[in-house]
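Student: I've got a structure open and I'd like to learn how to read it. Can you walk me through it?

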Amino acid sequence: MAEISAALVKELRELTGLGMMECKKALAEAGGDLRKAEELLRIKSGAKANKAASRIAAEGVIGAYVSPDGKLGALVELNCETDFVAKNEEFVAYARSLAETVASQNPRDVAALASGKVEERRQALIQKIGENMTIRRFKRLQAKGRLALYLHGVKIGVLVDYEGPEAVGTDVAMHISFYKPQFTSKTEVPADVVSRERDIQLARAKESGKPAEIAAKMVEGAVSKFLGEITLMGQPFVKDDKQTVEKMLAAKKGKVNGYAFLVVGEGIEKAPQVH
């Protein structure tokens, strides 16, 4: 039997939100395969979908920029070693300037952005502040309508390309910062994602021992709920959970053409503190 490390158990716990013993048992059953163990737990205990996207495990800020005409915007994640530096005014100003550079110059990747004067300024800041800092990633958005920007502190940044009342853009951006949808609508969800979820729900339905016709309805209901949870249009609106974002937009004659968001440290493991 494959040896199950504490680190692997910890990772599965973060993915599923379930207890240590449940995770260890699932990993043993799956021969140490993390993805198979996650599926087993979702089948047997109804664990929620992967929670890794909500993990924040590094310091830094999101720099943001929107052009005066509201047509062009960018977000940049700038990382550092400590929260203390993340509050430094020069560090925050540098992050904002990076976002403006991304918007105006449209670099092909981080390597193209982190060159010339941008890199010189980064090196100068490292020398002055005495802490390493890295430009991790960026997102650029060209609006069909106009852009709304929402910053949740300095850790989460959202841009929304919207049409309709200004409040619509602001509200949707705030909603995205809270729910972090993976897709705009059900039609955008890749077929393999839907297929995998249906397989999981089929296995759960079989374990329930319910008659075939009831099990089939259970599966379709569960898949529909899953799609609602991961898509912007299907999620309950953050300011009124009695209606979905889609219904809120219809009521306010608004439309979302696209969005982008960044969360500081998403998917990065922070080194353990030594006391």
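Tutor: Let's start with burial: buried means under 20% relative accessible area, exposed over 50%, and partly exposed in between, using a 1.4 Å probe and protein chains only. Keep in mind that this is a predicted model, where local features need pLDDT of at least 70, side-chain atom pairs count only at pLDDT 80 or more, and totals for chains, interfaces and linings use all residues. Residues are numbered from 1 along each chain as its sequence is written, and side-chain values use heavy atoms, with hydrogens and water left out.

Student: Okay, is Ser67 buried or exposed?

Tutor: Ser67 has a relative accessible area of 12%, so it counts as buried. You'll find Ser67 in the loop between S1 and S2. Helices (H or I, at least four residues) and strands (E, at least two) are DSSP runs, numbered from the N terminus.

Student: What does the side chain of Ser67 reach?

Tutor: A polar contact is a pair of N or O atoms within 3.5 Å; within protein, one must be able to donate a hydrogen and the other to accept it, and residues adjacent in sequence count only if both atoms are side-chain atoms. Here the Ser67 side chain gets to the backbone nitrogen of Lys71 at 3.3 Å, and its polar contact with the side chain of Asp69 is 2.6 Å.

Student: How many strands form the sheet, and in which order?

Tutor: In general, strands of a sheet pair through backbone hydrogen bonds, either parallel or antiparallel. Two strands count as paired if DSSP finds at least two bridges between them. This open sheet has 3 strands in the order S1-S2-S3, with antiparallel pairing. S1 (59-66) and S3 (133-142) are at the edges with a single partner strand each, so one side of each has no neighbour in the sheet. S1 is joined to S2 (residues 72-80) by 8 bridges, and Glu59 sits opposite Cys80 in S2.

Student: Which helix packs on the sheet?

Tutor: That's H5 (residues 89-105), touching S1, S2 and S3; contact means heavy atoms within 4.5 Å. The direction of H5 makes about 140° with that of S2. Axes are lines fitted to C-alpha atoms, for helices over the stretch in contact, and angles run from 0 to 180 degrees between N-to-C directions.

Student: What does Ala86 touch?

Tutor: Leaving out residues up to four places away in sequence, Ala86 touches Gly60, Val61, Cys80, Phe91 and Val92. Ala86 lies in H4 (residues 83-86) and is buried at 3% relative accessibility.
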